[in-house]
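Colleague: Could you walk me through the model you have open? I'd like to start with the packing around a single side chain.

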Amino acid sequence: MLTNAAAATTEFARASDTAVSTVPDLVRDGCTRSEAAAWLRAGRWHRFGKAVVLHNGELTREERGRVGVLNCGPRAYLGSFSAIESMGLKTWERDEVHVLAPSGVPRPRLGEPHIVLHHTADLAPVDVLEIRRCQRIAPALVLAASSFTNPRPACGILAAGVQQRLTTPSQLRAVLDRAPRVRHRHDLLLAVNDIAGGAEALSEIDFVRLCRRHRLPPPTQQRIRLESGGRRRFLDAEWRLPDGRVIAAEIDGAVHLAVRKWWDDQLRQNEIVITGTWVLRYPSVIVRTELALVADLLRRSIFS
């Protein structure tokens, strides 16, 4: 029997490639049940339901996810917000652990970590990474999006997945095609189409929807412009009208309020105007809250 807690933890963590395991897995890797019981009684290891954590410190976020999955059975996977965090998505983290499991699996009542269980009757192999016990990024994003009561953040999380280069519009569309009853499906499909057209920021998605709703011509998104010094710039939206006029619209989020960014925006606008293009600028909050005002300015510019 191993008598040194650090040595035991290192040995069995290396054998299982994780600091979170189960008693049967520890036995398979060479630990006896009496050894596991001794370390647990001594407080060197901690038990969370079916999971055994091979240390007595605070759980990392990865370990919390592993505890959740092990407590939901052999066909459970890290899902939704927890899966997309483990795959690298930033700024959408949640404290609870989201687990995807077959219908009928009860939610473990561990107290900590709190587990949100998502049941599914048909878990397609294409939607999971078996080696990581994790839902793939595109279906995890769609599952997370369906949890919002409002479609706006639901569309926003899909946009974030593409913007952070973790998935593509075609992958998201394929998931939505297989999920005819998913919440906000119509809005999500529109958002994916807009993202595919270049509107990666949620404010730009709102802008394209505004044009559609007010029967305005659809703009070309993220058009590349070359400045006099050869620098490549992208326009959020642009219309090339039959009479030869070119109108551009820029949607500015809060980051554009920073002094350096504000200066750069002014110089950029000068470069665009010099080429003969009209430029309309909108704060992103106006695109969300003052739709009629935005549409009126666009209509007068395009049809004047």
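Modeller: Leaving out neighbours within four places in sequence, Leu141 is in contact (heavy atoms within 4.5 Å) with Ile84, Leu89, Ile157, Leu158, Gly161, Thr167 and Leu172. This is a predicted model, where local features need pLDDT of at least 70, side-chain atom pairs count only at pLDDT 80 or more, and totals for chains, interfaces and linings use all residues. Residues are numbered from 1 along each chain as its sequence is written, and side-chain values use heavy atoms, with hydrogens and water left out.

Colleague: Which residues have the most contacts inside the largest nonpolar core?

Modeller: They are Ile84, Leu141, Ile157, Leu158 and Leu172, in a core of 41 residues. A nonpolar core here is a set of buried Ala, Val, Leu, Ile, Met, Phe, Trp, Tyr and Cys residues joined through side-chain atoms within 4.5 Å, and buried means under 20% relative accessible area with a 1.4 Å probe, protein chains only. Among the elements that each supply at least two residues are helix H5 (80-86), strand S5 (97-102) and helix H8 (169-177), with helices (H or I, at least four residues) and strands (E, at least two) taken as DSSP runs numbered from the N terminus.

Colleague: And what lies apart from it?

Modeller: Another core of 17 residues does, including Phe207 and Val287.

Colleague: Back to H8: which residues are buried there?

Modeller: Pro169, Leu172, Val175 and Leu176 are buried in H8. Seen down the helix axis, the directions to their C-beta atoms fall within an arc of 125°, so the buried residues line one face of H8. They pack against H6, H7 and H9.

Terms used
Buried means under 20% relative accessible area, exposed over 50%, partly exposed in between (1.4 Å probe, protein chains only).
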